[in-house]
Amino acid sequence: MKKIPMRMCIVTRERLPKMELIRVVKTDDGVIVDETGKVNGHGVYLKRDASVIELAKKRKTLNHALECDIDESIYEELISKIK
């Protein structure tokens, strides 16, 4: 039986299968939304839910987790990717 890779959403703290989450990565070039899940850099996961992304924006969860300022466009891109 094959194991399903589980990751934790940094907002809800739920452990979910990787496919139910979206990854945001801090690279040398800046912060990007990683659809492949394979981009090198410090990555964090968010549940694929608009309310979770809005909560992350309100609480500045990504700013704290990635230790940098997150541009508004990242949140817009996250919302567009989950729809």
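Q: What does Arg59 touch, not counting residues up to four places away in sequence?
A: Arg59 touches Val11 and His64. Keep in mind that this is a predicted model.

Q: Which helix is Arg59 found in?
A: Helix H1, which covers residues 50-59.

Q: And how many residues apart along the chain are Arg59 and Val11?
A: They are 48 residues apart. Their C-alpha atoms are separated by 9.0 Å.

Q: Moving on to Thr61. Where is its place?
A: In helix H2, residues 61-66.

Q: Buried or exposed?
A: Thr61 is buried, with a relative accessible area of 14%. The cut-off for buried is under 20%.

Q: What is Thr61 in contact with, leaving aside neighbours within four places in sequence?
A: Ile10, Val11, Leu55 and Ala56. Val11 also turns up as a contact of Arg59.

Q: Now Lys47. Which strand does it lie in?
A: Strand E5, residues 42-47.

Q: Which residues is Lys47 in contact with, again leaving aside neighbours within four places?
A: Cys9, Glu14, Leu16, Glu20, Leu21, Val52 and Ile53.

Q: How does Lys47 count for accessibility?
A: Partly exposed, at 24% relative accessibility.

Q: What is the C-alpha to C-alpha distance between Lys47 and Glu20?
A: It is 6.3 Å in space. In sequence, Lys47 and Glu20 are 27 residues apart.

Q: Backbone next. What is phi for Arg13?
A: About 65 degrees. That is positive, although Arg13 is not a glycine.

Q: What do most residues other than glycine have for phi?
A: Most of them have a negative phi.

Q: Where is the place of Arg13?
A: In the loop between strand E1 (6-8) and strand E2 (15-17).

Q: Is the Arg13 residue buried or exposed?
A: Exposed, with a relative accessible area of 55%.

Q: How far apart in space are Arg13 and Tyr45?
A: They are 9.8 Å apart, C-alpha to C-alpha. The sequence separation is 32 residues.

Q: What about phi of Glu67?
A: It is near 55 degrees, a positive value in another residue other than glycine. Glu67 lies in the loop between H2 and helix H3 (72-82).

Q: How does Glu67 count, buried or exposed?
A: Glu67 counts as exposed, at 68% relative accessibility.

Q: Where is Gly30 found?
A: In strand E4, residues 30-34. Gly30 counts as partly exposed, at 23% relative accessibility.

Q: How many residues apart along the chain are Gly30 and Asp71?
A: They are 41 residues apart, and their C-alpha atoms are separated by 9.9 Å.

Q: OK, overview time. How many helices and strands does the protein have?
A: Three helices and five strands. Along the sequence, the pattern reads β-β-β-β-β-α-α-α.

Q: How compact is the protein?
A: The radius of gyration is 12 Å, close to the 12 Å that the globule rule gives for 83 residues, so the protein is as compact as a globular protein of that length. The C-alpha atoms fill a box of roughly 40 × 30 × 20 Å along the principal axes.

Q: What share of the residues count as buried?
A: Of the 83 residues, 33% count as buried.

Q: Among contacts between residues at least 6 apart in sequence, what share join residues at least 24 apart?
A: That share is 48%.

Q: Last topic, charges. How many positive and negative side chains are there?
A: There are 17 positive and 14 negative side chains. The centres of the two sets lie 8 Å apart.

Terms used
Residues are numbered from 1 along each chain as its sequence is written. This is a predicted model: local features need pLDDT of at least 70, side-chain atom pairs count only at pLDDT 80 or more; totals for chains, interfaces and linings use all residues. Side-chain values use heavy atoms; hydrogens and water are left out. Helices (H or I, at least four residues) and strands (E, at least two) are DSSP runs, numbered from the N terminus. The radius of gyration is taken over C-alpha atoms; the globule rule is 2.2 Å times the number of residues to the power 0.38. Buried means under 20% relative accessible area, exposed over 50%, partly exposed in between (1.4 Å probe, protein chains only). Contact means heavy atoms within 4.5 Å. Lys and Arg count as positive and Asp and Glu as negative; His and the chain ends are not counted. The place of a charge is taken as NZ of Lys, CZ of Arg, CG of Asp or CD of Glu.
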